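Here is a short report on a predicted model. The fold comes before the contacts.

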Amino acid sequence: MANREEIMAKISELIGPFNNKGVELSAATTFQGNLEWDSLTVMDFVAAVEDEFDIIITMNMQAEIETVGQLADAVTKLMEN
Amino acid sequence: MTDLLSKFDPLIQERENLLATGVKDPFSLVMEEVLSPTVAICDGKETILLGTYNYMGMTFDDDVRQAGLKALEEFGSGTTGSRVFNGTYSLHRDCEEALKEFYAMDHAMVFSTGYQANLGIISTLAGKGDYVILDIDSHASIYDGCAMGNAEIVAFRHNDVEALEKRLRRLPAEAGKLVVLEGVYSMLGDVAPLTEMIRVCKENGAMVLVDEAHSMGFIGENGRGVSEAQGVIDDVDFIIGTFSKSVGTVGGFCVSNHPKFEILRLVCRPYVFTASLPPSVMATASTSIRKLMHSGNKRAHLWENSKKLHQGLRDLGFTLGTPEAQSAIIAVIMPDLEKGAMMWQALLAEGLYVNLARPPATPANMTLLRCSLCAEHTGEQVDQILGMFEAAGKAVGAI
C-alpha cells in the first residue's frame, strides 16, 4: 500500500496536465485560489485521482478539500479503508 | 456590520459591465400580451417565441382552458392547504389518475412544481449512508435535492456510461444507491444513453430515477419520454416530470411501479409542507395529459420542426450543441457572454425570443442561445426564424 509521500507525489503528477498556470505545488497549494480551477477542471481532475487510486471521492468530501495536502490526507484515509 | 449581499458584488459588477456595452438586460424581458403558444407582444412588438419549453402548445388548447375555467368556477381559486390536510380535492386525485394512465404505471404523486418533485423525491429516497450517483450536468433541482438530503453524492462525467459503471463498482455492494439521470439535458438538448446506463445500474444493484421533464409528451411512441423511446421504461424505478413544459401549466410529479411508493406522501417534506396546486391548474393538467396521449401527429410535426431548424442553423454556419436534432431543444453555442447578449438582442429586434443561457447553468462555461420548438410553430414560422437568425448573425458578426 502506498504511503502518504507516494500518494502526494502521484497527486502532484496528476495535477500536471491541469496546471496551466505552472503554479509551484506544495501541500498548501489551493485548487481554487492558487490553481484557479473551474468546476469542470475539478471534475476531470477528481476523476483522474479516483481512477488512479480506484477510490470514490464524494462531492461531500470534495467540499471539505481545499488544498493539495488535504487531498493527499483524504486519499490516504480512503486507501486505508 | 457585514453586508450579507456583498458576496454578490462580482455578479453585480459583471451585469453592470454587460449593460454598459448597451445591450438590453436579457434577464428582465416582459411579455405584455401572449397571443398564442408561439407569439407574444414584447416591448410593443410582435415576437415569435422560440424559448418557452411549451413543446406541445397546450397552453391555449380550447379543452384545456375550458377545464380550467370550470374548475375555477366550481372549486375556487386555491386550496390553501397541504395535500395531506385540506389540499387534496377530487381534481388532484384525477390528475394523478391521468398520470397513471399516461405512463401505464401504478402510482403517481403530484407536487407543486417540478423543482419540488426532484427536491422531495431525491432527498427522501436517499438518506444517511446511501449514495446518489448523478451526471455532472444535472439540473439545479437535482443538485438541490442532493444538498437537502443526507446521502453521499457521487458525480460522473456527462453521459459517460463507463464513468458511471466504474463509480458504481467502487461503492459498497450493500449500500443503497440511487442513480439520477435525465432523458433530455436541457442546456444542449442532448439525449442520455439510457439503455446502457440503466443496464449498468441494474448490474450494480442501483435504483434508477429518470427526469423526463424535457421529453414528456414529445419523445417516445406515447410521449412517455426517452426511456420509452429506448425501450427501457420498465427498468426505471422512478420517473420525474413537470407540468410546466409539454403539459402547459405548472406542477411536478413522480410516477413509479414501486409497491411501497404511497408511503412517500407522508415522509416527503416538499410534498407535505407546502400548499397543493390550485384546482384550475389540476383540471388543466389532467385535460392536457389525457390529450397528449393521443397527439402522435403533433409529435411528428414537432420532430419535423426540430430537424428543419437544426439543419437550417447548421447550414447558416452556427455551432450547435448536438450533431443532429435529438430533442426539441436546439442550442446555439456563442463564443462568450457579450457576443451572446448582443446576438440575443439582435434576435429580439428581429422579433424572435430565445433563451440566453450562461454559466453556471451551462456546461463547460458555455454561453448558449437556447431554442425550444413548439408543435404549434408552422413550417413558415421556422423559415422566418431562420431568416431572423441569418440577419441577426450577420449584424453582430456571429456568422
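Chain B holds 14 helices and 16 strands in this predicted model. Its radius of gyration is 21 Å, close to the 21 Å that the globule rule gives for 399 residues, so chain B is as compact as a globular protein of that length. Along the principal axes, the C-alpha atoms of chain B fill a box of roughly 60 × 55 × 55 Å. Of the 399 residues, 52% count as buried. Take the contacts in chain B between residues at least 6 apart in sequence: 72% of these join residues at least 24 apart.

**Domains of chain B**

The domain assignment gives domain 1 as 17–56 + 296–396 and domain 2 as 61–292. Their C-alpha centres lie 27 Å apart. Across the boundary, 19 residues of domain 1 of chain B are in contact with 19 residues of domain 2 of chain B. On the domain 1 side, α12 (296–316) and β13 (329–334) of chain B each supply at least two residues. Which element gives the most to that side? β13(B) does, with three residues.

**Contact between the chains**

Chain A meets chain B through 11 residues, which are in contact with 13 residues of chain B. On the chain A side, the elements that give two or more residues are α2 (39–53) and α3 (59–62) of chain A. The largest share comes from α2(A), with four residues.

**A helix pair in chain B**

Helix α4 (residues 114–125) and helix α5 (residues 140–148) of chain B have axes that come within 8 Å. The axes cross at roughly 35 degrees. The crossing of α4(B) past α5(B) is right-handed. From α4(B), the contact uses G114(B), Y115(B), N118(B), L119(B), I122(B) and S123(B). From α5(B), it uses S141(B), I142(B), D144(B), G145(B), C146(B) and M148(B).

**Residue classes**

| Contact residues | Nonpolar | Polar | Charged |
|---|---|---|---|
| α4(B) with α5(B) | six residues | five residues | one residue |
| Side of domain 1 of chain B that touches domain 2 of chain B | 12 residues | six residues | one residue |

The side of domain 1 of chain B that touches domain 2 of chain B has one.

Key: Residues are numbered from 1 along each chain as its sequence is written. Chains are lettered from A and ligands numbered from 1 in the order in which they are written. This is a predicted model: local features need pLDDT of at least 70, side-chain atom pairs count only at pLDDT 80 or more; totals for chains, interfaces and linings use all residues. Axes are lines fitted to C-alpha atoms, for helices over the stretch in contact, and angles run from 0 to 180 degrees between N-to-C directions. A crossing is left-handed if the near helix is turned anticlockwise from the far one by less than a right angle, and right-handed if clockwise. Two residues are in contact if their C-beta atoms, placed from the backbone, lie within 7 Å. Ala, Val, Leu, Ile, Met, Phe, Trp, Tyr, Cys and Pro count as nonpolar, Asp, Glu, Lys and Arg as charged, and the others, Gly among them, as polar. The radius of gyration is taken over C-alpha atoms; the globule rule is 2.2 Å times the number of residues to the power 0.38. A residue is buried if 20 or more other C-beta atoms lie within 10 Å of its own, exposed if 12 or fewer, and partly exposed in between; C-beta atoms are placed from the backbone. Domain bounds come from an automatic or database domain assignment.
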